[in-house]
Amino acid sequence: MNRILQASRPGQWAIMIAVAAAAAVLIVGTASAGASSEIEGVWSFTGGKVDIVPIPGGKFEGIVVSPTKFAECEHLVGEHMWTDITPQPDGSFWGLHQWFHGAPKCERNPDLGPTAWRVLREANGSRYLRVCFSEPGSTSQPTIAANGAPKEASEDAAHQVNYGCDNSELIASLPVTSSSSSSGSVSTPVERLTLPAAKQCLRPGRFTIRLREPKYDPFKTVTILYG
């Protein structure tokens, strides 16, 4: 997940720190197209966890943050298991799942499997992620209806699903607050802090800012802009 930490101080200047999560890219000053999407977050998946993060172009990727085993082979931490996750007009997402050639070698299959995702709601309002798969080389794109179908194996064929579906529980999500831009109000993950007034600042020299490492979203780079 991308994160912006905005620090301001009364007086002549302000600091904005743009923090890009592992393997994620953040363009400072432009809200990510997927920043407010419900698909963004850390989800359970077959015994492990995958972090779905926004990438340039309004798409998403799913990065493994806790090893997960799909079929016979294990997906390790840091693997981009789900790629090219693209929002669809009906509210679902289409993209690709990384497959392996079977055990014991478990070599990465260069042919990816068409995959569909949709965020659904329980009766109590909590959300979960439904994922439906087709095998590598499949030419048909799986689909997930607004009601979560296919819910039974007998419905798979009608939705171009040939390897079943799985439900994932939301483990962690990045808080989203409203911030303003030249085009109006946008929802961007923002954390703010206020620095001391200039008269309380240390003399010129090294200025240290300590950031707490997110549990499921380790920092990769930190960029500091002075304005």
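This is a predicted model: local features need pLDDT of at least 70, side-chain atom pairs count only at pLDDT 80 or more; totals for chains, interfaces and linings use all residues.
1. The nonpolar core. The largest nonpolar core has 18 residues, and those touching the most other members are Ile 39, Ile 52, Trp 82, Ile 85, Trp 117 and Leu 129. At least two core residues come from each of β3 (41-45), β4 (48-55), β5 (59-66), β8 (80-87), β10 (113-121) and β11.

2. The barrel. Eight strands form a closed barrel with antiparallel pairing, in the order β3-β4-β5-β8-β9-β10-β11-β12. From one strand to the next, the twist averages 30 degrees.

3. Strand pairing. Seven bridges connect β4 and β5 in the antiparallel sense, and Lys 49 stands opposite Ser 66 in β5. The antiparallel pair β5 and β8 is joined by three bridges; Gly 62 has Trp 82 in β8 as its bridge partner. Between β8 and strand β9 (residues 93-97) there are four bridges, again antiparallel, and Thr 83 has Leu 96 in β9 as its bridge partner. The hairpin of β8 and β9 has five residues between the strands, and within this hairpin Gly 91 takes a positive phi near 95 degrees.

4. His 97 is found in strand β9 and counts as buried because its relative accessibility is 0%, under the 20% limit. Leaving aside neighbours within four places in sequence, its contacts are Phe 70, His 75, Met 81, Trp 82, Leu 112, Gly 113, Thr 115 and Phe 133. Gly 95 is also found in strand β9 and, at 6% relative accessibility, counts as buried. Beyond four places in sequence, Gly 95 touches Thr 83, Asp 84, Ile 85, Gly 113, Pro 114, Thr 115, Trp 117 and Gln 141.

5. Salt bridges. The structure holds four salt bridges. In one of them, Glu 38 pairs with Arg 121, with the closest N and O atoms 2.0 Å apart. Glu 38 lies in the loop between β2 (14-21) and β3 and Arg 121 in strand β10, so the pair ties together parts 83 residues apart in sequence. Glu 38 is partly exposed at 33% relative accessibility, and Arg 121 is partly exposed at 48%. Arg 108 and Glu 79 also meet in a salt bridge (3.6 Å, N to O). This pair links the loop between β9 and β10, where Arg 108 lies, to the loop between β7 (73-75) and β8, where Glu 79 lies, 29 residues apart. Arg 108 is partly exposed, at 48%, whereas Glu 79 is buried, at 10%. A further salt bridge joins Asp 90 and Arg 118, with the closest N and O atoms 3.2 Å apart. Asp 90 is in the loop between β8 and β9 and Arg 118 is in strand β10, 28 residues apart. Asp 90 is partly exposed at 46% relative accessibility, whereas Arg 118 is buried at 7%.

6. Surroundings of Arg 127. Arg 127 is placed in strand β11 (residues 127-133). A polar atom of its side chain lies 2.4 Å from the backbone oxygen of Glu 38. Apart from residues up to four places away in sequence, Arg 127 touches Glu 38, Glu 40, Trp 43, Val 119, Leu 120, Arg 121, Leu 170 and Ser 173.

Key: Residues are numbered from 1 along each chain as its sequence is written. Side-chain values use heavy atoms; hydrogens and water are left out. Contact means heavy atoms within 4.5 Å. A polar contact is a pair of N or O atoms within 3.5 Å; within protein, one must be able to donate a hydrogen and the other to accept it, and residues adjacent in sequence count only if both atoms are side-chain atoms. A nonpolar core is a set of buried Ala, Val, Leu, Ile, Met, Phe, Trp, Tyr and Cys residues joined through side-chain atoms within 4.5 Å. Buried means under 20% relative accessible area, exposed over 50%, partly exposed in between (1.4 Å probe, protein chains only). Two strands pair if DSSP finds at least two bridges between them. Axes are lines fitted to C-alpha atoms, for helices over the stretch in contact, and angles run from 0 to 180 degrees between N-to-C directions. A salt bridge is a side-chain nitrogen of Lys or Arg within 4 Å of a carboxyl oxygen of Asp or Glu.
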